[in-house]
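Let's take a walk through this protein chain together. Keep the sequence and the 3D view side by side as you read.

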Amino acid sequence: MDDYAQFIAKVKRKTGIDLSLYKEAQMRRRLASLYMKKGLKSFAELFAAMEKDLSLWHECLDRMTINVSEFYRNAKRWEVLERVILPRLLTKHPRPNVWSAACSTGEEPYTLAMVLAKRLPLHRVSVLATDIDDNALARARLGLYSERSLVELPEEMRKKFFTKKGEYYKIDERLKQTVKFQKHNLLADPFPRNMDLIVCRNVLIYFTEEAKRMLYRKFHDALRPGGVLFVGSTEQIFNPSLYGFEVEETFFYRRK
């Protein structure tokens, strides 16, 4: 077993994160750059250093879990969700079950809540938001964001749901209460059921083909018939019918 394979096995035992299901070349490169930055020479040295230094554990987890997010990322897709997908879903279920899977630092589930709030009163908006990274979840719960995160957000949403606090923007407390954050490992934990909409964007690209196939099946089972999976703009599902989906719009897949 080589140095990286041993590192993977140790991380899985310690955290439950199975790095073998992530694309090896990308993950190996990300983590190797971290240990070189720290003046270490191998994955074995990296793990030993992580065992002694909690802050290094957190830094390494950030590298593994790839926390990159923005509000209203790829705006045209959110417009399709608002104009085409949600009206159909809300006709059947006026209080839809919505899940932001692998939600990172919260930009995506809060965007979901804002889009839902255009069509529903806030007391009927509810979003489940999950991620594997405790640090990301803590930042999401804080609800404090830099200007860079809000670049794509429409101005009316910024004015309605954010307050400027020095160099940062604080999200509206009432909106914040519509989102429930929980820790969840996509590759290992059970999925919620009876979802009307699952948003999992810009995450699947980091997984192996085998892991993706497993996740498509699990997303299918988590949705109600007619429910929708919304994926990222580089994550088109080829042969969606193999997993019980049909294309509703580009990057939106409806459970048959």
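Predicted model: local features only at pLDDT ≥ 70, side-chain atom pairs only at ≥ 80, totals over all residues.

What covers the buried residues of α7? The cover includes α6 (107-117), β2, β3 (144-146) and β6 (179-183). Residues are numbered from 1 along each chain as its sequence is written, and side-chain values use heavy atoms, with hydrogens and water left out.

Back to helix α7, which spans residues 134-142 and has Ala136, Leu137 and Ala140 as buried residues. Down the axis of α7, these buried residues fall within an arc of 100°, so they line one face of the helix.

Now zoom out. The protein chain has 10 helices and 10 strands, where helices (H or I, at least four residues) and strands (E, at least two) are DSSP runs numbered from the N terminus. For 256 residues, a compact globule would have a radius of gyration near 18 Å, and the 19 Å of the protein chain agrees with that. That radius is taken over C-alpha atoms, and the globule rule is 2.2 Å times the number of residues to the power 0.38. The C-alpha atoms fill a box of roughly 55 × 50 × 25 Å along the principal axes, and 52% of the 256 residues count as buried. Among contacts (heavy atoms within 4.5 Å) with a separation of 6 or more, 72% are between residues 24 or more positions apart.

Strand β2, part of the cover over α7, runs through residues 127-131 and holds Thr130. Thr130 has a relative accessible area of 2%, so it counts as buried. Setting aside residues up to four places away in sequence, Thr130 touches Trp99, Ser100, Ala101, Ala102, Cys103, Gln182 and His184.

Next, find Arg28 in helix α2 (residues 24-37). Arg28 is partly exposed, at 28% relative accessible area. Beyond its neighbours within four places in sequence, Arg28 is in contact with Asp2, Tyr4 and Phe43.

Most residues other than glycine have a negative phi. Asn74, though, has a positive phi near 60°, and sits in the loop between α4 (54-65) and α5 (75-92). Asn202 also has a positive phi near 60°; find it in the loop between β7 (195-200) and α10 (209-222). Is each one buried or partly exposed? Asn74 is partly exposed, with a relative accessible area of 27%, whereas Asn202 counts as buried at 16%.

How values were computed: Buried < 20%, exposed > 50% of the residue type's maximum accessible area, 1.4 Å probe, protein only. Arc of directions from axis to C-beta.
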